[in-house]
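I opened my notebook for a friendly walk through a structure that is new to me. Here is what I looked up.

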Amino acid sequence: MRAAVKCYEWDAIASDDEPATLVMHVGPIDAPGEDLFTVSVCTPEALAKLIDRDGALIGRHFLFVSHIDRARIESFVDDRLRRIDGETWSDLAGKIGRIGRWEFEP
């Protein structure tokens with residue numbers, strides 16, 4: 001089984017100075033349905049601000065980029081999803097959850 005992003009939702013910020021929230025509606029390629037996966041897209045400038053603010057940062061569910069280019073980022077994610085497969089949707093969603101936080105993640 002393989003998956004594809006059926007819809008991308010970007011928050012209003014999406015600038016190089018602040019992390020942008022990207023919500024991906026992902027589902028099986030040949031079946032109905034989708035689950036939400038959320039990733040923080042972060043430039044080096046935004047990362048530096050977060051570290052200055054908090055002192056440290058754990059990088060889970062972050063995508064680091066040189067600058068916010070929505071089309072390029074979406075293409076990158078699409079390419080990564082094409083490389084992932086699983087026997088069941090739960091297996092596949094668990095693997096996709098390494099990229100973005102799955103809405104059903106405990």
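Which residues does H61 touch, not counting residues up to four places away in sequence? I found T38, V39, S40, G97, R98, I99, G100, R101 and E105, where contact means heavy atoms within 4.5 Å.

A note on the source: this is a predicted model, where local features need pLDDT of at least 70, side-chain atom pairs count only at pLDDT 80 or more, and totals for chains, interfaces and linings use all residues. Residues are numbered from 1 along each chain as its sequence is written, and side-chain values use heavy atoms, with hydrogens and water left out.

Next I looked up where H61 sits: in the loop between helix 1 and strand 4. H61 counts as buried because its relative accessibility is 11% (buried is under 20% relative accessible area, exposed over 50%, partly exposed in between, with a 1.4 Å probe and protein chains only). Its side chain reaches the backbone oxygen of G97 at 2.9 Å.

L57 lies in that loop too, between helix 1 (44–54) and strand 4 (62–64). I noted L57 as partly exposed, with a relative accessible area of 33%.

Then I turned to the core. The largest nonpolar core has 23 residues, and M24, V26, V41, W89 and I96 touch the most other members (such a core is a set of buried Ala, Val, Leu, Ile, Met, Phe, Trp, Tyr and Cys residues joined through side-chain atoms within 4.5 Å). Strand 1 (3–10), strand 2 (20–28), strand 3 (35–42), helix 2 (70–82) and helix 3 (89–96) each supply at least two residues of this core (helices, H or I, of at least four residues and strands, E, of at least two are DSSP runs, numbered from the N terminus).

Definitions and conventions:
Polar contact = N/O pair within 3.5 Å; in protein donor to acceptor, adjacent residues only side chain to side chain.
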